[in-house]
Each structure stands twice: as C-alpha cells, then as structure tokens.
Amino acid sequence: MFRYVVKRLLLMIPTLFGAAVLIFLLMRAIPGDICYLRLAAGGGTVAPDVLRICRAELGLDQPLIAQFLTFIKGLVTFDFGKSMWTNRPIIEEIGLRFQLSLQVAIMATLTAILIAIPLGTISAVRQNTWIDYFVRTFTIAGIAMPSFWLGILIILGILITSKAWFGVAWMPPIRYVPLWEDPWYNLSMLIWPALATGYRYSAVATRMTRSALLEVLREDYVRTARAKGLYEKLVINRHALRNALLPVVTVLGIEFAFLMGGLVVTEQVFNLNGLGKLFVESVLNHDYQMTQILVMLVVAIFAFTNFVVDILYAWLDPRIRYTR
Amino acid sequence: MASTETASATVIEDIPRRPTILATLGAFSRENPLGACGGFIVIVMIVMAFFAPWLTSYDPTANDFGAMLAPPDGDHFLGTDQFGRDLLSRIIYGARTALLVGFVSSFVGCFLGLILGVTSAYFGGRFDLLFQRVMDVFMAFPLIILALAVVAIFGTGVQNVIIAITIPVIPRAARIVRASALAIREMPYVDAARANGFSHSRIIFRHMMPNVMAPFLIILTAQVGQAILIEASLSYLGLGVQEPIPAWGLMLRGGAQEYAESAPWVAIFPGLAITLAVFGFNLFGDALRDWLDPKMKT
Amino acid sequence: MKFKTSLLAVPLAAALAVAGLANPAVAQTPKKGGILKFVVPDEPPSFDGHKETTFALIHPIAPFYSVLIRPDSADPSNSSKFECDICTEMPTSTDGGKQYTFKIRKGLKFHDGSPLTSADVLATFQRIIFPKEGISSARKAQMSMVESVTAPDAETVVFKLKRPSGAFIPALAAPFHFIYSKAKLDADPRWYEQNVMGSGPFIFDIREAGARVTGKRNPNYHHAGQPYIDGFEAIFAKTQTLRVQAIRGDQAVIEFRGFPPKSRDDLVAALGKDITVQESDWNCVLLITPNHEKKPFDDARVRRALTLAVDRWGGAPALSKIAIVKAVGGIVFPGHELAATKEELQQIAGYGPDITKSRDEARRLLKEAGVSNLKFTLTNRGVDQPYTIVGTWLIDQWKQVGIEVTQKVESTGPFYAQLNSGAFDVTLDFNCQSVVNPLSDTAKFLPSDLAGDQYGRFKDPKLAELHDAMNGTDDVKQQRTLMRQYEKRVLDEEAHNFISLWWYRIIPHRTYLKGWKAGPSHYFPNQLDQVWLDK
C-alpha cells in the first residue's frame, strides 16, 4: 500500500509540471503587454522609460526560460509572489476570495449529496418506472440548464416572491461576510449560488448514483443477499449503496475540485467576489503571475482530489495496487 | 489503397439484411422514448436553423424603437428586447449560431481526439504514456478556464469561440477513444494487418478507426450539448459571440437582467432555448449510447 | 380611506421633491453620524491618483485626500467657479497671467500626525508635472503650461506658467491631484501606489481585495465640523443590476457614476419618496473614430458617409430610455455658451433634419468612392453602458445604408492597446473630461501628431491652426466663431471623428442622503466631506 501511495504521489508531479508549462505558455501567447495595459488603461500614451522600468520590475525583460524558472521556483518554495496588476502579495488577493469559493463549493456539494443519493437510489431501485423517468428527466434537465440562467431565474424569483409576500423586494446581500462573523447574513447571500450550481452538480451525481447502484444490484452478493430473503431496504442500504458509493464519491470529488475555480459564470450573476471572478479579471488584465498561481491552485486541488480518490479505491480494492 | 475494396465488401456481406431507415427509427423510438424526444428537439433545432428566414418575417438585428420591450403578443410571439428586436426571430436565428458552434467545435475536436486517441493506443508504450500525461494536464484544467485563456489569446467572435471550445474537447474525446482502441489493438485482424506489413497510418485509419466509431459518435453527441453550453456561458460573460449577432447566451447578458423584473420574457425565453437544445442533445446522446453500445447501458 | 391617503400623498411627495432640489446645506442643519455605504462598478488597479485616470479610483479613494483647489461644491456644474481646499483663498494671476501664488492653510496635518506644509504641495505637483524617471503621471500633458513650481516659504506655493492660460486653473482642480506627504515620497516615490495616507476628511481603514474599501472620520479635518458622517464603505460590484438592487434593498445609498433610465424608473417605482433622483448632462461623449490609415477610411467621402447614416435626432429619444446617453450635440458640451445651437448643428453632416436625404447622400458617397457594399469591424469597449448599447445601435444605423458591420468587443486594457497600435478599422472611443472647459476638452479632436489620445492616425495642420487661434483669444464671440469652423472641419468636411450622443448622468439615491449634488462629471465632487445622512 505504501509503495502505491508513493507511486501515485509521484505521478502527480508530471501533471502539475505540465500544467505549469501550459499555463505559462498560454499567458505569454496572449497579445499585449501587462505594463502597457496597466499604464495606458485610461487612454493616452505611455512614456518609454516608465514602460521599461515597469517591465524590469515585473521581470518581463528576462528571457522566457528565466521567467519560467522563477515561476517554478516560487511554486516549489510556496512563494507565490505579487499580483502584476495590483502589485500586492497574491496570498492577500486570494485569501478572502478563496474562503468564499470554498464555502460555495462545500455548500453546493452538500446540496448535491442531499439530492443525489436519495434520488439516484430510488431511480435505480425503481428502474424503468415513471419515477425513474422523472428522475432521469430531472437530471438531464439539470445538466442542460446553464447555471447562470438558473441564477438569473432565482434572483427574479426572489424579487417577485418577496415583493408579493412582504410588499418590498428583498435582495440577497451583495457583500461577503465570513460565516463565523454573521452566519445568517452569510448564508442568506451564498445559499442562492450554492443552489444554482448545486442543481447541475446534483444532476451529475444522481446519474452516477443511479448507474453505479444498478451495476452493483446485478452483482452476485446482492443477489445472494436478496435470495437469502433479506429485507429489500436492508439490502439496498447495507450492501448495495455502500459499494456503489465509490464512483459517486469520485464524481463528487472531481466536481468539487472544478467548482473551486470553475464558478466563473455563476459568480458573475450573483456578483460574488470569488476565485472564478478573480480568474477572469486576471486573464483580461494579463496578470500572468496571478493567473498562473490561480490555475496551479485549481489544478493542484484537482490532482489532489484525484489522488485521494485513487488511494481510497486502492484501499478498498487491493487488486488495484498491483495492476496499476 | 486499391485493395481496400475487398475489405469493405466483406464487411457489407456480413450484415444480414439492412432494415429500412424508417423501421430503424421506429425501433429506436420504441426502445428509447426519451431518446426519440431528444432526437425530435434536435431535428426541430436543425430545421429552425436552416429555414430561419422563412419561419419569421422579422430581421433579427433590426432595431424598432416603436416596440421596445414589447410583451409577447400577436405581433411578437415572444416579445421584443430593449432594441425592439423580435425575440422569436433572434431565438430562431440563434439556433444557427448555437448549431454552428456546437457542431463544428465538437466535430473537429472529437475528430482530432479520435486520431490522437487511436494513434496513441496503437503505438502504446512510451508514446502512449507520454500522451496520457499530456492529456492529464489538459483534463486537469476546468473547461471554462481553458476556453477563457484561448479567447484571451485569439479574441472574441464566432470563429474564435469555436477554437476556444474545440481545444478542450480534444483530450476528452481522445481519452475515451483511446480506451476503446486499446481493446481493438489486441484484435486478431489488427495483428493480421500488421503481419501483412501495412503501414501504420493505414492500420490506424482503415482498420482501427472504423471500429471505434461507436464511442466516437457517443462522445460527439455528448459534446455538442456541452459546446452549446460553453458558447452560451462565454457569450454571457461578453467573451463570446458579439452583438448584434443573435446568440442565446448573449441575449441573457446585460438587458436581460436589467429588465428581468418588468420584462421577464427577455430573461426567460433565450435561457429556455439553451436548456431545451442541450436537453435534446443530451437525451439523444444518451439513447444513442444505449443503442450503439449495449454494454454501457445503464 | 384609500382615497384619502392618496390625496395626502400627492402634496407631500411634491413638497419632498422641492426640498430635494433646494440646496440642502441651506435648508437643513446637517446631522452627524452614520456610515455612508455606496457601490462602485470597478476596483482601481492602484491607489495612486496621480497615475490613474479612472473614476473607480476617485469614488473610494478621494475621501482620504485633500486637494489644493476643487470645483465649487455648492455649484459643481459651474465650470468657472473654484474653491480652496487646503489653500486660504483663490489667487488672482500676476505677471500678466503667468503666475499664481497660493497661500496654504496653517496647522494642516496628515493622518499620521505629521504636519502638511507647502513642501508637501510642492512635492506633489512636481511629481505630477515633472515626474522623475519611472513615475507615471497621467495628467502631465494637461499641466504642460506650467514652467515651474516653487515654495518660497512654508505657507506659499507659486506656479509660474510658460504663457497665460485659461486652462490652468481647471486643470489644477483635477480631482486626481491628491496631496501626498513629501516624507513618504522621499522614502519611496511609489509608496502611494499601494498605500493610502492623506489629510482628507476620512482615514483609511480596511481594504478587502475585490470587495470593499472603508474609511473612518478624520477628527482633525481642516474644514471645521466636517465631515458629518462617521465613515464610509465603498462596495465594489461589477454587475449593474446588483448595484441597483443594492440601493433598492438599502444595502447601499448611492452609486456615483450613473444609472440608465430604466433603473431609475424601477427604483422610483419601488421606493417612491425614499428615492431622490438627480440628473445632469454629462461631460462625456462617445465618438466614432475611423482609422485613416486603413482603406477605405483614408477617403473623406467614406468617413462622411458613415456619419451621414446615423440618425441622431431619431435615435436620441429611444436610446435615452435604455442607455446613459441623451443629448444630440457637436464637439462641445451641450448647453455651454460655445456649443452649437440646434440650427447650427443641422448644417453639419449627419445632423440634418431629414434622415432619408442624409442616407441617400451617404449611399451616393459610398458608391462614388467605389465601396457600395462596405464591410468593416467596429472595435468597441466591453462595457455595456453605454458603449456596447450605442455600438449595437450604430451597427443597425449603418446597415440601413448597406454597410455591414461586425462588432469586436475588448476589455479596457486590450481595447486601448489596439487603439494605440492602430489595429482597428473603426472604433467607438470616448471623450470624458472632469471640469467643463470646451477650449481644452476639444483638444481631443486635434490631429494624431498633436493629441496623444487621438486614435484616428491622421495629420491636419489646418485643424491645429484653428484650435490654436481659438485658445489664443479671450473674446468669447471670436472663440465661438472659430469653434464652429473647428467643429465643421472635424465632424463634416474631413469627418475625422464624429459624435454619437452625449452622456446623461442619472443618479438615483436614497432620499436620506443630503449635501451631495450631481454635476456634469462623475469624477467629483467626491471627498464626501459635506454629505450627511438624514436618518
């Protein structure tokens, strides 16, 4: 087991390195120089000396390979440097936004679990009945509906219902306050984006629960259990569901990792100051350093989630340790 | 090249008797009522895109300040937007944009993925290992992030949106195709082809590729819906298709939210169009998967 | 019952509206206390006012600083009235209009307790007018008439000009000219990019990246009794709908840039007398600039056809319902004494009373130039209000003379990068100035070799001559005549640039906000030292 963990851990290195190379090159391929953008953003011309000094400060006058090595060195030593746009430490820029994105991701995951496990189970157990068709339609619709549109509809719904019920239109707060400072205020802001993304997320997870459970239900030990005359509910709960959970956990894990950086559009709808919005802004501002660090953060979360899932698999199913 | 005729001829002989297309369709819909429903939506969309000028008398880009934000009525079935443009007509023409982006990007992306995936599986060994690592890297990037970076490089507009969506599709298709191709590589007929001294490209293109068509078609249909969603997201962010081109995601931008309360039709119908279209493609794709690949049936 | 209340409500609302219009400082004694929350559409890239040009810096950061002079806060739309902030009185020029001597107040203190003297004012303006290598100063060119700045003693600052200039005082009053501490600048000339330390009505408190900036009351502020509020919170919110909703839900009191009419109507409908609306013409205009170096825009006939196709009189009433634009005007701020009258405007291409005639002419010109089915790309800025809305409208206008236009939208950075490098066909640029000062505002239309922000890439010595002549005379009548010639040459004869519509500023705010008046610029007044909350 230990050898497998080490081997699997080492496998993360090429992925992370490759991601670093890719995002570094992508950023450099974007036409336009950050110094120029920062200095000429309001129009007019920029003095050449100002431009030269700015470039030197950001290290953009160095050869590409040297810039890349600095970037890698920073990653390895966890020294993330400064945002090229605001010139502030990236840790400071990310701090609050990370908190927010993490909370939305967790809340969306909880929403997804609460919806997916019961729906997926019932749909698998009652396969090809009207309830199964309903669940399948519900999930496919969840995957089809853009979460930003759902977000717009939620806001519209809140406006209309609050106006009808209380006489005044109520809006979720627009400024983020950490959960422990004011839980009510915090939740009244973040519950909506969590629902909007949670729906799509739960749709994916429901499908996975359903298909994993169907597969397990066909396995021998479940048939045996059934044949032994075990009460149906017990079979599902104790035997089938537990074994079907693994692929569901995988999907949840991967989706969670993507939510951390991929909420780009939903954050726009709800005006959330999260990592996704920061990502769009830093790409548009050509903030190389910030974008690189953000992408590496998302990729690292993704790679780590995958790692945990794989280890979990290996732990539960010893065959994997040897075959892979 | 000339000797391939015999190969394909034998393949045709193997098929007992070709059922009529209509009968196949009938069987398909009886077996997959949901899939048939999806197929119907897809066909409606294609018809809308092709016959747009005959389906509506309004120019989708013509401003009409006499009918700004008009509610749905006999003149404008779905109402108008803030420029007085007919929403129905914009949605119908929007199907063109959605289908163009959806089909071109997923077809090109899946096709490149097909070539890469099969090639990688065929050669195996170090090449395959390296290829797998590269795919890992791409897969670790959230789709929208990769698409955004590509848009930042090439700029906005329909063409660039297609490029931006195509690139993330490639590794996703390649990975799935590779998995099926690995199994085919071990098949006797591939060994035989190799023993006959056929060139690598010939084996890849003539022998392996036709046999991974099922997973290819499955991923292709699945990606069309996905591509339409990403195009809508990019356009909504203002980084995709630009005004005045009719595009569903773009129609939800700006005005749709500003006027949502007093003119909800502006916010509702384009979103409904996106959802229905993706819904249709997904249902159809699911059914196609069940039908083409019974092993994967759930 | 219902009848009664509505009867009562009408005169009450009318009375309130009148109270809202009258100068609040005269009408009521300001109340003290409260936190002013307001929304800002964007976050500034740095805190350095000397370097930045965006209103997104002014709204959250200006309250931390003092300036030397500022537009009259009681009458912000008057472009010739200025008042002292840290000086004692507005000086009159000496040496034939070439020298201005400012006396600085005594006992001024920065927020860190250090004294503010003429040395700090001197260091500030030297940094703005004569920046050292590596320091970027956005308004260096506007201050180019200054020959030297000196501080003969601790309370005196003297500006010597190269030549007399009516543009000096308005330029000096730019709200970006924050007074910095010499000690801080000496230690690190770029300290102010990341830090805030001024002598203004509020002391910098918290900055949350991407979320908000807050300030608390400066108890030692030099204007006695001010500021009235205990502090402010500037909340960054990119989405316009949410900014409107924030005001509606009382999460914010105001946004200082401007909302489109629809948002105003929604707020008024929802909140009634709790909302007060201030409106003003805005010293900002969207202009269309063809790239003269790209064919066929080197041909004046093609450029004229572009402006002839645009129905300004017909578009204005409709667009003013959905965008923050309203007035049809020439190159001068509408309503200003130098601005063209309606009759004068109608003589200019594209302003004619008969749009059908204009469009026929446009088609004829295009045909003559051999580009009957012209296609081009309009490079626009990725900001909805009013850029992409006006852009979409223009594309429809051009379509009506058979021109096919694709819109290419870029975020602010790349947008200017393309304008500067000439990588565009036609662009929608803007001229946005703080103090209304047409003589210097119209410098925007000078040829590219003379104006840094003219993106048309052309030379036109005659145009430059007209502008010089106009600035060289004190006679308003003569200025007016020259301005007409200048305008005609820019918009019509050469059609180097042409105007779409002038912006219109609509500020709906909570009625309990008092002591703030909307002027023709979203760059001020914004020190917030005179506002108070009637709660």
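A: In chain C, strand β7 (residues 202–208) and strand β8 (residues 212–217) run antiparallel and are joined by six bridges. Strands are DSSP runs of E of at least two residues, numbered from the N terminus, and two strands pair if DSSP finds at least two bridges between them. This is a predicted model, in which local features need pLDDT of at least 70, side-chain atom pairs count only at pLDDT 80 or more, and totals for chains, interfaces and linings use all residues. Residues are numbered from 1 along each chain as its sequence is written, while chains are lettered from A and ligands numbered from 1 in the order in which they are written.

β7(C) and β8(C) form a hairpin with three residues between them. In the turn, G210(C) has a positive phi of about 75°. Within the pair, R207(C) stands opposite V213(C) of β8(C). β8(C) is also joined to strand β9 (residues 231–236) of chain C by five bridges, again antiparallel. There V213(C) stands opposite A234(C) in β9(C).

A234(C) leads on to F38(C), as the two are in contact (C-beta atoms, placed from the backbone, within 7 Å). Leaving aside neighbours within four places in sequence, F38(C) also contacts F232(C), A252(C), V253(C), I254(C), E255(C) and F256(C).

As for confidence, pLDDT is the predictor's confidence in each residue, from 0 to 100. Chain C has a mean pLDDT of 87, and 95% of its residues reach 70 or more. Over residues 1–26 of chain C, pLDDT stays under 50. Where pLDDT is low, the predicted coordinates should not be read in detail. The model scores ipTM 0.85 and pTM 0.87.

How values were computed. Helix = DSSP H or I, 4+ residues; strand = E, 2+ residues; numbered from the N terminus.
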